[in-house]
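Let's walk through this model together, with the sequence and the 3D view side by side.

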Amino acid sequence: MHPFAVVCSFQNDTMSMAYVLGKLPTDIMVYTEKDNVLSVRKVSGGVPCSDTQIGKYSYEIKNDQLFLTKIEDACAARGGADISQVFIRMK
């Protein structure tokens, strides 16, 4: 697993993931959510995932913090990211 720093922005069905160090273009993904499972699929960006590789992550939100746990991810680059740290909501 590789640590990373990102800023995620969620819209109705689209999520952008900007990389703080700026070494990759921002990833744009479509997502669906059901029963606290987030399914994501890349539309464009820098992470080498195809637009057919789906990632599934369970999530929990507590006190403006997002906790993610990988269920499965067909994209090795995205699935290998270290998501063990908490995502903190920016206001």
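The torsion about the S-S bond of Cys49 and Cys75 is about -75°, so this disulfide is left-handed. The two sulfurs lie 1.9 Å apart, and a disulfide here means a pair of cysteine sulfur atoms within 2.5 Å. By that rule the count is 1 disulfide. Cys49 sits in the loop between S4 and S5, while Cys75 sits in the loop between S6 and helix H1 (76–79), so the pair links distant parts of the chain, 26 residues apart. Helices (H or I, at least four residues) and strands (E, at least two) are DSSP runs, numbered from the N terminus.

Before going further, a word on the model. It is predicted: local features need pLDDT of at least 70 and side-chain atom pairs count only at pLDDT 80 or more, while totals for chains, interfaces and linings use all residues. Residues are numbered from 1 along each chain as its sequence is written, and side-chain values use heavy atoms, with hydrogens and water left out.

Buried means under 20% relative accessible area, exposed over 50%, and partly exposed in between (1.4 Å probe, protein chains only). Cys8 is in no disulfide, and the nearest cysteine sulfur, that of Cys49, is 14 Å away. With 28% relative accessibility, Cys8 counts as partly exposed.

Now look at the sheet. It is open and antiparallel, with 7 strands in the order S1-S2-S3-S4-S5-S6-S7. At its edges are S1 (6–10) and S7 (87–88), each pairing on one side only. Two strands pair if DSSP finds at least two bridges between them. S1 and S2 share 5 bridges and are joined by a hairpin of 3 residues, with Val6 standing opposite Tyr19. Between S2 and S3 there are 4 bridges, and Ser16 faces Ile28 across that pair.

In a regular strand the side chains alternate between the two faces of the sheet. S2 has a covered face of Met15, Met17 and Tyr19, and an uncovered one of Thr14, Ser16 and Ala18.

Met17 leads us to the largest nonpolar core, of 17 residues, where Met17, Val40, Leu68 and Phe87 have the most contacts inside it. Such a core is a set of buried Ala, Val, Leu, Ile, Met, Phe, Trp, Tyr and Cys residues joined through side-chain atoms within 4.5 Å. S2 gives the most to this core, with 3 residues.
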